[in-house]
Structures are given as C-alpha cells and as structure tokens.
Amino acid sequence: MRTKTQVPEENTIPLNPPQPVAQPGRHRKPMTTPNAPNTISPKTKKIIITVLIVVVILAILAVAAFFIKQLIDSKYYFCSKSVKLIPLEKACDGKEDCSGAEDESACVMPFGANSTFPLRLISTSNVLQVFNSAENKWKSVCEESFTQQHAETACQKLGYSVNPSFSKVQVGLLSSDLKMDFCVVGSSKPQTFQSTVTDRKVCNTGTVVTLTCSDCGKSRSQDRIVGGQDAIIENWPWQVSLQNSGQHICGGSLVSPNWVVTAAHCFNGDGMKALVKWNVVSGITYLGSSGASSVDKIIVNRNYKSGRNDYDIAMIRLQSPITLGESRRPVCLPPQDLGLKKDASLVVTGWGHLMEKGSWLFFNPPFFSN
C-alpha cells in the first residue's frame, strides 16, 4: 500500500488585485435594455370609453329631461298632493280638479279697493296727506311734531321700507287745493299714525311735510337712449322680466324689494292664471331665466276688462325680497296729481319687439330702451 502526500500549489492571485486600466481606443459603452413603450392596456381603454359613453348619455338625458319638463309645464298643471297632471286650462278655472282644490288655491286674483286708502303723496313735491273719512276730505300734514319715526311709519303703510326721509315745503308754494285743509300728527305712538291725527285750520310753522319713501328711480346714467338701441340694466335697474314656464311674457318694474308693477293684460289666456307658472327675473341685461324669484301673489285691478286699455294694471308680490344693488333698484311711483304735460317725453324699456306687431328677437335679445 502506498500513500502520497499532496502539497498544495502556491496561489499566485493576489488578494486585492488592482483594477484594470482602460486602454485608449478600446473603451466600450455598456449594453442597456431599451425602455418599454408607455402603452395603455386594452382593459383600461375599455373602462375610459365606457365612462365617456355614460357621461354623454347622462348629458343627453339631462337635456332631454329639461326640454320635456318645459313642454309638460307649457301644457299641464301638476297636482302635487294627488300626484297627477291636468290640462293647464283647467287650473284656476273655478273648478276643483286637484285634491284639496290645489289648482284653485294659488291663482291670479282680482282686487278692488272698497274704501279710499288713508294716506297718499300728491303733486311733484310729494306732499303727505291723510284722508278724513268723516268729512270725506284729504288734509295736508303740517310739519310741526312730525318725526323720522312718523316718516318710517307712513312709508311702511304706503308699501315702502327703504331709506324713508322727509322735509318741508312752504304752504304758500302749494296749489290752492293743497292749502285748504291741514292736520298734525301726535308726537306719541307714531305706529298708530291715523289715530293721532288732529285737524288744523293753518299750520303754525307755515310748512307741510314732503315725504320721500325710497331711494328709488336712481339711474347710473342720466342719458336718455332713443331709437330702440341696446341698453344695460344698470341704467334702468327697476326693469324686470315676467316669465311663465321660463318664457318671457311681459316686462315689469320693481317698486319695492317685494313688489312689482306690471300690466293686467299679461295674465290673459289659458295657463296664465296659476301662480306656480310665474317667475320674476331681475338684474339682467340679456334675457335669461337664471336667478328667478318665485311669485307669492298676483293682483289684477278688478275693473280691468280684456280688450280695453282702462285699468290695465297689476301687482306681483314676491315670496322673498330682492336684494337691491346697482342692477336692482325700485322705480319711483308717480304721486297723485303729478301734472304730466301733454307731449311730455317718456322712456320705454324692455325686451323683444322693437315695435308693435314687429319681429321678435328670438335668440337672447338684449335689454333696450326707447
């Protein structure tokens, strides 16, 4: 038996070999893997297309629903309590077609004063007068004892509530019919205005009250625009649009934050009597229906007859007051016996027809004055 002892060979590789030195002209750029293209997977594409289709369909349905609602509103009245539709001409026809007479409870109503209103402003000076029913006479209010609180109470009774103020005018400057009968108001309890009135033969101070109940009628521009040219609402901020089912029917004028004056003939015909169909749009130059105010009551002069021009006036009360500003401001109602002269210049404002029986501006007509 033999054995052989193996001697390990000497290792000549150093433990920390030096880094090889690059030879000139032999440097090579390391190989890299090209970037994969940024592609969307077919599944993601399918999801995006589906979402877009759904959005387009919803938009089409929304537009279709809007026009369908407009069409239904123009033909039918919706009874919310009994959940049914009735022809529009059956609303406010004097017969109960909805549960609880819903279709007859909110309608245009005629109104006629049964007695003379106890207060009025008269002449261009806006002289305040109180009616004495026992003597059937109007009496001018003497300036003595009259206070700001009396002014506020009187203006509230006249339907105004914005910035009332008063001043005085010499009796000698008045017309003869305004300086025949006088009265004074008591200094206590001005909230009971008429109950504190005392008759006088003359005013001790020789002056009577002239009352301003609103900062009305103020336009940003005093220029008169003639010829039916375009105008902006800020120059005529009392102008409003009366709309039935979203369609412009008539113009009107703000007389206070809650009240609009217009023509009685605007409410003639089928579908014009139900309050729910009416809205008032204010503060706009170009005709639209955004920001409309709901109507609480429409009062037509009882003496108005269709086909005649007499008593062609109506009042609209809004459900909530309009916020006044540059584009929304009340017009000044004329006082009793204004003394308007023949052939005096007037300004007409509104939208739509440029002349009687003329063509209608269908697409977004601008506000104009003449």
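Which residue stands opposite Thr-207 in S10? Gln-170 does, as the strand-pairing view shows.

**Figure 1. Overview of the predicted chain.** This is a predicted model, in which local features need pLDDT of at least 70 and side-chain atom pairs count only at pLDDT 80 or more, while totals for chains, interfaces and linings use all residues. Residues are numbered from 1 along each chain as its sequence is written, and side-chain values use heavy atoms, with hydrogens and water left out. The mean pLDDT (the predictor's confidence in each residue, from 0 to 100) of the protein chain is 80. A value of 70 or more is reached by 79% of the residues. Where pLDDT is low, the predicted coordinates should not be read in detail. The chain has three helices and 19 strands. These are DSSP runs numbered from the N terminus: helices are H or I with at least four residues, strands E with at least two. Of the 370 residues, 35% count as buried. Buried means under 20% relative accessible area, exposed over 50%, and partly exposed in between (1.4 Å probe, protein chains only). Among contacts with a separation of 6 or more, 59% come from residues 24 or more positions apart.

**Figure 2. Strands S7 and S10.** S7 and S10 pair in the antiparallel sense over six bridges. Strands count as paired if DSSP finds at least two bridges between them. Gln-170 faces its opposite residue, Thr-207, in S10. Strand S10 spans residues 207–212 and is mostly covered, with five of its six residues buried.

**Figure 3. Two of the aromatic pairs.** The structure holds five aromatic pairs. Rings of Phe, Tyr and Trp (its six-membered ring) pair if their centres lie within 6.5 Å; planes under 30 degrees apart count as stacked, over 60 as edge-to-face and the rest as tilted. Phe-131 and Trp-138 have ring centres 5.0 Å apart and planes at 55 degrees, so this pair is tilted. Phe-131 is buried, at 17% relative accessibility. Phe-146 and Phe-166 make an edge-to-face pair, 5.0 Å centre to centre with 75 degrees between the planes. Phe-146 lies in the loop between strand S6 (137–141) and helix H3 (148–157), and Phe-166 in strand S7 (residues 165–170), so the pair ties together parts 20 residues apart in sequence. Phe-146 is buried at 6% relative accessibility, whereas Phe-166 is partly exposed at 27%.

**Figure 4. Helix H3 and its cover.** His-150, Ala-151, Thr-153, Ala-154 and Cys-155 are the buried residues shown in H3. Their cover includes S4, S5, S7, strand S8 (182–185) and S10. Gly-159 follows H3 and has a positive phi, near 100 degrees.

**Figure 5. Surroundings of Phe-182.** Phe-182 sits in strand S8. Its relative accessible area is 3%, so Phe-182 counts as buried. Val-141 is 41 residues away in sequence, yet 5.8 Å from Phe-182 in space, C-alpha to C-alpha. Leaving out residues up to four places away in sequence, Phe-182 touches several residues, including Lys-139, Cys-142, Val-171, Asp-199, Arg-200 and Val-208.

**Figure 6. Two nonpolar cores.** A nonpolar core is a set of buried Ala, Val, Leu, Ile, Met, Phe, Trp, Tyr and Cys residues joined through side-chain atoms within 4.5 Å. The largest has 22 residues; Leu-242, Phe-267, Val-280, Ile-298, Val-300 and Ile-316 touch the most other members. Strands S12 (239–244), S13 (247–256), S15 (278–282), S16 (293–301) and S17 (314–318) each give two or more residues to this core. A second, separate core of 16 residues includes Leu-128, Val-141, Val-209 and Cys-213. Beyond residues up to four places away in sequence, the contacts of Val-280 include Val-240, Leu-242, Val-260, Val-295, Ile-316 and Leu-318.

**Figure 7. Two serines with positive phi.** Most residues other than glycine have a negative phi. Ser-123 has a positive phi, near 70 degrees. Ser-123 is found in the loop between strand S4 (119–122) and strand S5 (127–132), and is buried at 13% relative accessibility. Phi of Ser-245 is also positive, near 55 degrees. Ser-245 lies in the loop between S12 and S13, and is buried with a relative accessible area of 16%.

Terms used
Contact = heavy atoms within 4.5 Å.
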